Amino acid sequence: MRNLKRLEVEIRILERLFGIHNVSYADDGSWIKISNYKLPRTECEYSLDSITLQIIIPKEYDNASVTEVYVDSDLRIRKKNRFVTPPHIGNEQDAIGKGYLWLCFHPAEEFIGLLDFINILKTYFTNPFKY
């Protein structure tokens with residue numbers, strides 16, 4: 001069962017980091033959406049300046065790590081002379097046709113909470129090809 005008390009505290013932190021109007025979530029804690037997530041300015045060139053993240057919270061959150069997120073389907077990254085889909089994109093049927101790509105990370109040995117997952121995404125978007 002999801003630890004909703006922990007999740008509520010983490011949501012409040014996300015609201016401070018990204019703005020209260022940019023964070024929304026399901027009442028049952030099954031997902032959290034961050035709108036207007038600014039992509040880092042690094043050596044990577046993206047097709048968008050900001051994206052929407054829809055993070056899936058596992059049913060057993062507090063024992064199961066956060067590992068998957070949906071991102072805008074038109075997100076591309078320049079590789080050599082053309083824009084390509086970022087790596088780690090899965091083929092999740094629920095995302096097809098809904099404007100999102102499914103981005104999934106393999107679960108680590110240790111528990112990865114929501115705030116840690118946000119930091120993993122920040123590292124990933126710094127350069128997805130090196131992650």
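Asparagine 36 is located in strand β2 of this predicted model. The residue is not a glycine, yet its phi is positive, at about 60°. Lysine 80 lies in the loop that runs between β5 (77-79) and β6 (82-84). With a relative accessibility of 74%, lysine 80 counts as exposed, because the limit for that class is over 50%.

The strand that holds asparagine 36 belongs to an open sheet of five strands, arranged in the order β1-β2-β3-β4-β7. Strands of a sheet pair through backbone hydrogen bonds, in either a parallel or an antiparallel manner. In the present sheet the pairing is antiparallel. Strands β1 (23-25) and β7 (100-104) form the edges, each pairing on one side only. On average, neighbouring strands of the sheet are turned by 25° against each other, direction ignored. At one end of the strand order, β1 pairs with β2 (residues 31-38) in the antiparallel sense over three bridges. Tyrosine 25 has isoleucine 32, in β2, as its bridge partner.

Two helices accompany the sheet. Helix α1 (residues 4-18) lies across β1 and β2 and runs at about 155° to β1. Helix α2 (residues 114-126) packs on the sheet, where it touches β2, β3 (50-56), β4 (68-72) and β7. The direction of α2 makes about 140° with that of β3.

The largest nonpolar core comprises 32 residues. Within this core, the residues with the most contacts are Leu53, Ile55, Leu121 and Phe125. Two or more residues are given to the core by each of α1, β2, β3, β4, β7 and α2. The greatest contribution comes from α2, with seven residues. When residues up to four places away in sequence are not counted, phenylalanine 125 touches Tyr37, Leu39, Pro40, Thr42, Tyr46, Ile51, Leu53, Val71, Leu75 and Leu103.

Key:
Residues numbered from 1 in each chain as written. Predicted model: local features only at pLDDT ≥ 70, side-chain atom pairs only at ≥ 80, totals over all residues. Heavy atoms only, no water. Pairing = 2+ DSSP bridges. Helix = DSSP H or I, 4+ residues; strand = E, 2+ residues; numbered from the N terminus. Axes fitted to C-alpha atoms, helices over the stretch in contact; angles between N-to-C directions. Contact = heavy atoms within 4.5 Å. Core = buried A, V, L, I, M, F, W, Y, C linked by side-chain atoms within 4.5 Å. Buried < 20%, exposed > 50% of the residue type's maximum accessible area, 1.4 Å probe, protein only.
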